[in-house]
Amino acid sequence: MYKAATAALAFVALAAPAWAQMTPEGLWRNIDDKTGEAKAEIRIRDAGGGALTGVLEKRLAKDAKPDEVCAECSDDRKGKPLLGLELIRGAKKADGKDVWEGGKILDPENGRNYTLRMAPIEGGKKLEVRGSVGPFGRTQTWVRVQ
């Protein structure tokens, strides 16, 4: 009996890191869907109440200016530095699915907010991120850094 309990605990301890990866929480590299180049790193974390927030942590684009602000934003983020800017707000896990939705994602290049849907894929190594307005939108695949 003791051996079976020990084996079960060992299995749970080894499997726990794999379970933890099936969430959008972590550091992600955003890949430009047109050029295939890495553009930025975004850290997604729990904002409380089951909602996620995502902050632009590092800009990787060759033409990125360190002091650039969100000039195109029309909400409380207007004129704020891009580094540290909250890009994702309010996404929550859908009941019974490994999908987070109901939030918004900001495209700082045009200042628009889009309805957000995120789903970890490939065992949590990648994240499908879809921003849309009605039936129109685009999907990017982000790569986990941490």
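How many bridges join strand 4 to strand 5? Four bridges link strand 4 (residues 86-93) with strand 5 (residues 100-107), and these strands run antiparallel. Welcome to this structure, a predicted model in which local features need pLDDT of at least 70, side-chain atom pairs count only at pLDDT 80 or more, and totals for chains, interfaces and linings use all residues. Residues are numbered from 1 along each chain as its sequence is written, and side-chain values use heavy atoms, with hydrogens and water left out.

**The barrel**

- Eight strands close into a barrel, in the order 1-2-3-4-5-6-7-8, with antiparallel pairing.
- From one strand to the next, the twist averages 35 degrees; axes here are lines fitted to C-alpha atoms, for helices over the stretch in contact, and angles run from 0 to 180 degrees between N-to-C directions.
- A strand is a DSSP run of E with at least two residues, numbered from the N terminus, and two strands pair if DSSP finds at least two bridges between them.
- Ile88 has Ile105, in strand 5, as its bridge partner.

**Salt bridges between strands**

- Eleven salt bridges turn up in a search of the whole structure; each is a side-chain nitrogen of Lys or Arg within 4 Å of a carboxyl oxygen of Asp or Glu.
- Glu41 and Arg29 form one of them, with their closest N and O atoms 2.3 Å apart.
- Because Glu41 lies in strand 2 (residues 38-48) and Arg29 in strand 1 (residues 26-31), this pair ties together parts that are twelve residues apart in sequence.
- Glu57 forms a salt bridge with Arg43, and here the closest N and O atoms are 2.8 Å apart.
- Glu57 belongs to strand 3 (residues 51-59) and Arg43 to strand 2, so the pair ties together parts that are 14 residues apart in sequence.

- Glu41 is buried, at 6% relative accessible area; buried means under 20%, exposed over 50%, and partly exposed in between (1.4 Å probe, protein chains only).
- Its partner Arg29 counts as partly exposed, at 30% relative accessibility.
- Glu57 is partly exposed as well, with a relative accessible area of 38%.

- Asp98 forms a salt bridge with Lys93, the closest N and O atoms lying 3.5 Å apart.
- Asp98 is partly exposed at 39% relative accessible area, and Lys93 counts as partly exposed at 41%.
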